[in-house]
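I opened this notebook to keep track of what I looked up, one topic at a time. The entries below follow the order in which I went through the model.

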Amino acid sequence: MPIHEIRHPLIRHKLGLMRRADLSTKNFREMAQEIAALLTYEASKDLPLEPATIEGWSGSLNVEKLAGKKVTVVPILRAGIGMLDGVLSLIPGAKVSAVGIARNEETLQAQTYLERLVGQLDQRLALIVDPMLATGGSMVATIDLLKKAGCRNVRALVLVAAPEGIRAVEEHHPDVHIYTASIDSHLNEDGYIIPGLGDAGDRIFGTR
Ligand code: URA
């Protein structure tokens, strides 16, 4: 099953705080980054290692290091920025590929307005970050463009996922694993996740 709901006590606690309507912007932001780091820990469990020989304090030593090209983190603008530092706190050498997606109000389709991808995507794991997986439109569009650019290994980190969004990703990209702190109930008529967090972008940037 490519959906992973990470029910770690620290995540449950932090998400519970984020659901409070009276949580300050500062605290909401901090929780988003911290949960992103915890999701990164889970999503990186099977990263390939290779042997290395180093000089340790007691002499030569065989250790392990991450193999291959560096990971790319893909924040979907704007709200994805709110999870970026959390991922980078665990994978500081990761490269960042920014993607901007907006809904075309006439066609209601997800439209890309920014695509700043790093090179050699065919050799990298891409970790897409977006706090809310709602309809899944932006996530599917982002996976589409990463795959078009040659990326073959894509994972998605989201704070909260709606069943509708999970179904959309599974339908279009069944190979993509989703890591989330919570699978919530449903979308309301305005496209908000219930119970959800409200508008995550507004809460991260303090624009509500
Ligand atoms: N985007 C948000 O910020 N919140 C939702 O509930 C759905 C989409």
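**Backbone details in the loops**

I began with Gln120, which sits in the loop between strand E7 (110-116) and strand E8 (125-129). The model is a predicted one, and in it the phi angle of Gln120 is near 50°, a positive value in a residue other than glycine.

I then looked up the cis peptide bonds on my list, beginning with the bond from Leu77 to Arg78, which is cis with omega near 0°. Arg78 belongs to the loop between strand E4 (72-77) and H3. I also noted the bond from Ile194 to Pro195, which is likewise cis with omega near 0°, and I placed Pro195 in the loop between strand E13 (193-194) and helix H6 (200-205).

**Around the ligand**

Which residues surround the ligand? I wrote down Met132, Ala134, Gly191, Tyr192, Ile193, Gly198, Asp199 and Ala200.

A backbone N or O atom of Ile193 lies 2.7 Å from an oxygen atom of the ligand. For Gly198, a backbone N or O atom lies 2.8 Å from a ligand atom that is a nitrogen. For Ala200, a polar backbone atom is 2.8 Å from an oxygen atom of the ligand.

**H1 against H2**

Turning to the helices, I found that helix H1 (residues 9-18) packs with H2 at an angle of about 155°, their axes being 10 Å apart. Angles over 145 degrees count as roughly antiparallel, and H1 and H2 are therefore roughly antiparallel to each other. The crossing in which H1 passes H2 is left-handed.

On the H1 side I listed Leu10, Ile11, Lys14, Leu15, Leu17 and Met18 as making the contact, and on the H2 side Phe28, Met31, Ala32, Glu34, Ile35, Leu38 and Leu39. Sorted by class, the contact of H1 with H2 has eleven nonpolar residues, no polar ones and two charged ones.

**H2 against H3**

How are helix H2 (residues 25-43) and helix H3 (residues 81-90) packed, and at what angle? Their axes are 7 Å apart and the angle is about 45°, which makes H2 oblique to H3. I recorded the crossing of H2 and H3 as right-handed.

The contact is made from H2 by Arg29, Ala32, Gln33, Ala36, Ala37, Leu39, Thr40 and Tyr41, and from H3 by Ile81, Gly82, Met83, Leu84, Asp85, Gly86, Val87, Ser89 and Leu90. I divided the residues of the contact of H2 with H3 into ten nonpolar, five polar and two charged. Reading back, I saw that Ala32 and Leu39 of H2 are listed in the contact with H1 and also in the contact with H3.

**H4 against H5**

My last entry concerns helix H4 (residues 137-148) and helix H5 (residues 163-172), whose axes come within 9 Å and cross at roughly 25°. That angle makes H4 roughly parallel to H5, and the crossing of H4 and H5 is right-handed.

Which residues make this contact? From H4 they are Met139, Val140 and Ile143, and from H5 they are Ala168, Val169 and His172. By class, the contact of H4 with H5 has five nonpolar residues, one polar residue and no charged residues.

Conventions
Residues are numbered from 1 along each chain as its sequence is written. This is a predicted model: local features need pLDDT of at least 70, side-chain atom pairs count only at pLDDT 80 or more; totals for chains, interfaces and linings use all residues. Side-chain values use heavy atoms; hydrogens and water are left out. Axes are lines fitted to C-alpha atoms, for helices over the stretch in contact, and angles run from 0 to 180 degrees between N-to-C directions. Helices (H or I, at least four residues) and strands (E, at least two) are DSSP runs, numbered from the N terminus. Angles under 35 degrees count as roughly parallel, over 145 as roughly antiparallel, 65 to 115 as roughly perpendicular and the rest as oblique. A crossing is left-handed if the near helix is turned anticlockwise from the far one by less than a right angle, and right-handed if clockwise. Contact means heavy atoms within 4.5 Å. Ala, Val, Leu, Ile, Met, Phe, Trp, Tyr, Cys and Pro count as nonpolar, Asp, Glu, Lys and Arg as charged, and the others, Gly among them, as polar. A residue is near a molecule or strand if one of its heavy atoms lies within 4 Å of it. A polar contact is a pair of N or O atoms within 3.5 Å; within protein, one must be able to donate a hydrogen and the other to accept it, and residues adjacent in sequence count only if both atoms are side-chain atoms.
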